[in-house]
Amino acid sequence: MSQRTSFYKFISEEQREHPFASGKLTGLLLEVLSACKKIAHLTGNGELANEAMGSAGSENVQGETQKKLDILSNDLFIESTEWCGYLAGMASEEMDHCRQIPAVFPRGRYLITFDPLDGSSNIDINVSVGTIFSILELPEGVEDVKDEHFLQSGAKQVCAGYCLYGTSTMLVLTTGRGVNGFTLDPSTGDFLLTMPDIKIPVDTNEYSINQSYSRHWQPPMKRYIDECLQGADGPLGKDYNMRWVASMVADVHRLLCRGGIFMYPMDQRMEAKGVGGKLRLLYEANPMSFIVEQAGGMASTGYERIMDIEPTALHQRVPVVLGSSNEVERVVGYHRQA
Ligand code: AHG
Ligand code: MN
Ligand code: MN
């Protein structure tokens with residue numbers, strides 16, 4: 001029998017330390033986990049579930065082509081969580097507007113935002129994907145849930161997490177008391193604590209960025225990557241390594257394991273289109289920033305702390321620089337100087 005702590009035991013013990021905890025967040029998280037297990041099963045079937053593969057022939061509100069698995073994962077997430085009685089509403093990358101919990105189900109006081117399948121361009125090539133989520137409280141006195149109720153800064157998150165569908169399935173979670181990682185035991189269906197109290201090393205020499213866009217970047221980002229490329233011969237005085245999976249979940253997971261800096265900066269093409277970045281604030285940047293900060297790292301747009309941004313739109317996009325604190329601080333310093 002495994003001696004490891006199960007997610008349920010871990011979260012129940014954490015709840016016991018909070019005399020006023022009602023168990024509602026635990027209840028909600030268990031349903032989120034069950035959604036993630038179903039999505040893990042779905043993505044794990046790969047080409048065997050041929051009918052689930054390929055393009056859905058539709059676009060999301062952001063004009064991105066939806067894959068069938070994006071939509072199936074979104075539906076699974078909704079089905080698995082909406083009945084549980086702890087949610088008032090949900091918002092997702094794959095839905096133009098928020099979904100209020102239908103009246104047939106009991107309604108709670110939590111809101112959830114999620115990216116049902118992050119890195120979905122990697123589905124066709126059997127590379128890691130994941131699910132990202134962020135839990136907020138419904139503002140006091142609100143009964144009819146609308147998009148505007150989700151427009152809360154990242155600092156107000158109650159909980160954030162992701163599930164990585166990689167060589168193993170892992171859940172990484174924070175409720176504001178550090179970050180813990182759990183691995184799915186496929187033989188029992190339990191998530192077991194395998195990475196307690198994750199801390200990101202403050203220094204790193206590993207960066208993660210889609211460098212093919214460098215000609216479109218702003219000067220501070222160009223300067224930083226140029227200096228990384230100069231390695232030990234340049235002003236940073238050390239050689240760098242580069243990794244880019246193109247699934248934010250996998251790239252962030254790597255830096256939680258061994259340090260690193262992940263960047264998806266603003267570029268001229270986005271400026272021309274009037275969008276604030278590529279990654280979405282409410283279900284990508286904020287939850288990942290909460291996790292990274294709770295693990296001792298930093299998360300910034302280059303100009304400001306991501307979790308301080310007051311959102312203005314459900315699908316708002318922001319530039320993202322996050323990871324090992326000394327390295328993020330360096331990039332922020334270059335932006336300040338510019
Ligand atoms: P999604 O699949 O949910 O749309 O997110 C993809 C995101 C993120 O996971 C990744 O870091 C980035 O897009 C990759 O972008 P590029 O293809 O421009 O490198
Ligand atoms: Mn995504
Ligand atoms: Mn997605």
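The questions and answers below treat the ligand, its surroundings and some selected residues.

User: How are residues, chains and ligands numbered here, and what kind of model is this?

Analyst: Residues are numbered from 1 along each chain as its sequence is written, while chains are lettered from A and ligands numbered from 1 in the order in which they are written. Side-chain values use heavy atoms, with hydrogens and water left out, local features need pLDDT of at least 70, side-chain atom pairs count only at pLDDT 80 or more, totals for chains, interfaces and linings use all residues, and the model is predicted.

User: Which residues come nearest to ligand 1?

Analyst: A residue is near a molecule if one of its heavy atoms lies within 4 Å of it. There are 19 residues around ligand 1, and those that come nearest are D118, N210, Y213, M248 and Y264.

User: How far is the side chain of N210 from an oxygen atom of ligand 1?

Analyst: A polar contact is a pair of N or O atoms within 3.5 Å; within protein, one must be able to donate a hydrogen and the other to accept it, and residues adjacent in sequence count only if both atoms are side-chain atoms. For D118, a polar side-chain atom lies 2.7 Å from an oxygen atom of the ligand, and for G119 a backbone N or O atom lies 2.9 Å from one. For an N or O atom in the side chain of N210, the distance is 2.8 Å.

User: Why does ligand 1 lie between two domains, and which are they?

Analyst: Domain bounds come from an automatic or database domain assignment. Ligand 1 lies between the two domains because both give residues to its shell: domain 1 (7-195) and domain 2 (206-337).

User: Are the rings of Y213 and Y264 stacked, edge-to-face or tilted?

Analyst: Rings of Phe, Tyr and Trp (its six-membered ring) pair if their centres lie within 6.5 Å; planes under 30 degrees apart count as stacked, over 60 as edge-to-face and the rest as tilted. The whole structure holds eight aromatic pairs. In the pair of Y213 and Y264, the centres are 6.2 Å apart and the planes at 50°, so the pair is tilted.

User: Is Y264 buried or exposed?

Analyst: Buried means under 20% relative accessible area, exposed over 50%, and partly exposed in between (1.4 Å probe, protein chains only). Y213, at 23%, is partly exposed. Because its relative accessible area is 8%, Y264 is buried.

User: How many of the residues of helix α7 are buried?

Analyst: Helices (H or I, at least four residues) and strands (E, at least two) are DSSP runs, numbered from the N terminus. Helix α7 spans residues 281-294 and is largely enclosed by the rest of the structure. Among its buried residues are L281, Y283 and F290.

User: What is the phi of D197?

Analyst: D197 lies in the loop between β10 (190-195) and β11, and its backbone nitrogen is 2.8 Å from a polar atom of the side chain of N180. With a relative accessible area of 47%, D197 is partly exposed. Although D197 is a residue other than glycine, its phi is positive, near 45°.
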